[in-house]
Amino acid sequence: MSGEFWQTGLLGLCAGLLISVVTAPVGVSGAVFLLPVQLSVLGVPSPAVTPTNLLFNVVAGPGALIRFRRTGQLAGPLARLLVAGTVPGVVVGAVIRVFVLPGPQVFKLLVAAFLLPLGVWLCLRTVRPSRRPSATVPSRFSVSLLALGVGIIGGIYGVGGGSLLGPILVGRGLPVAVVAPAALASTFVTSIVGAAVSLLTPGDIAPQWTLGVLCGLGGLLGGYLGARLQPRLPEKALRLLLGGLAVAVALLYLAGSPRGAL
């Protein structure tokens with residue numbers, strides 16, 4: 001294989017590693033931030049971005065999850081609730097996708113309109129805490145409904161959901177250290193189901209396998225390092241990072257980046 005091919009693969013591996021180190025501590029897979037890198041630097045054609053990002057999530061996901069499991073952060077009920085909700089949601093979303101639905105551009109605008117104020121609010125609330133009582137921790141039922149809804153969105157539009165689940169749950173009063181492992185577990189399972197559905201659906205665009213795996217291997221290592229870094233960061237820094245990432249995702253969607261796994 002050509003030197004240019006391996007140079008592109010090395011860039012993909014490094015990009016996956018660096019992005020995951022930053023995003024894994026707050027429960028975001030980082031695939032959405034890999035989109036502009038794939039398009040502008042790695043030369044991935046637009047139709048192949050979504051399945052390539054799903055492949056990235058599948059390969060990269062275990063890195064952070066292994067570390068979180070070793071520290072016992074995956075033992076709580078939140079991860080089970082999110083996974084139990086997203087799995088049937090993805091299946092339902094994949095069935096719904098057959099019918100006429102709002103295009104991905106409409107979806108991106110809706111996500112941006114939701115995440116931008118939420119991310120700004122998280123940052124402001126962290127810098128200047130309110131004197132009012134803190135937000136009420138969501139019930140198991142509301143968490144299950146949220147997971148189901150995010151799973152349906154994942155099945156329709158091919159997104160993982162971590163960028164949505166994290167800011168919502170932290171905004172409702174849960175600590176980032178609890179939310180991050182559960183959100184990444186949900187994204188991992190959603191991506192596996194989404195990738196399987198894509199492979200079994202006639203006419204779907206195939207991922208760029210080698211590049212997706214190399215980016216994923218970088219994400220595998222970066223996710224582990226990011227999860228190991230998380231306990232060393234104060235809750236305030238984690239909340240600011242999560243809020244900043246929510247704003248960044250919203251701006252990427254407003255800028256018109258193509259759809260891909262969140």
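Predicted model: local features only at pLDDT ≥ 70, side-chain atom pairs only at ≥ 80, totals over all residues.
Is Asn57 buried or exposed? With a relative accessibility of 3%, Asn57 counts as buried, because buried here means under 20% relative accessible area. And which residue does the side chain of Asn57 meet through a polar contact? The partner is Ser29, whose side chain is joined to that of Asn57 by a polar contact of 2.9 Å.

Now let me step back to the whole chain. The protein has 10 helices and zero strands, so that, in keeping with how such elements are assigned, the order from the N terminus on reads α-α-α-α-α-α-α-α-α-α. Of the 262 residues in the protein, buried ones make up 50%. If we take the contacts with a separation of 6 or more, 87% of them are between residues 24 or more positions apart.

As a reminder, two packed helices are described by the angle between their axes and the distance between the axes. Helix H1, residues 3–23, packs with helix H2, residues 31–40, at an angle of about 155°, and their axes are 10 Å apart. That angle makes H1 roughly antiparallel to H2, because angles over 145 degrees count as roughly antiparallel. The crossing in which H1 passes H2 is right-handed. Where the two helices meet, H1 brings Ala15, Gly16, Ile19 and Thr23, while H2 brings Phe33, Leu34 and Val37.

Staying with H2, its buried residues are Ala31, Val32, Phe33, Leu34, Leu35 and Gln38, and these pack against H1, H3, helix H9 (209–229) and H10.

In soluble globular proteins, nonpolar side chains tend to be buried together. The largest nonpolar core here has 46 residues, and the members that touch the most others are Val26, Val32, Phe33, Leu78, Leu82, Leu115 and Leu169. Which helix gives the most to this core? Helix H10, residues 235–254, does so, with eight residues. Take Val26 as an example: leaving aside neighbours within four places in sequence, Val26 is in contact with Val176, Ala180, Leu238, Leu241, Leu242 and Leu245. There is also a second, separate core of eight residues, and among them are Ala64, Phe68, Leu184 and Ala227.

Definitions and conventions
Residues numbered from 1 in each chain as written. Heavy atoms only, no water. Buried < 20%, exposed > 50% of the residue type's maximum accessible area, 1.4 Å probe, protein only. Polar contact = N/O pair within 3.5 Å; in protein donor to acceptor, adjacent residues only side chain to side chain. Core = buried A, V, L, I, M, F, W, Y, C linked by side-chain atoms within 4.5 Å. Helix = DSSP H or I, 4+ residues; strand = E, 2+ residues; numbered from the N terminus. Contact = heavy atoms within 4.5 Å. Axes fitted to C-alpha atoms, helices over the stretch in contact; angles between N-to-C directions. Parallel < 35°, antiparallel > 145°, perpendicular 65-115°, else oblique. Left-handed = near helix turned anticlockwise from the far one by under 90°.
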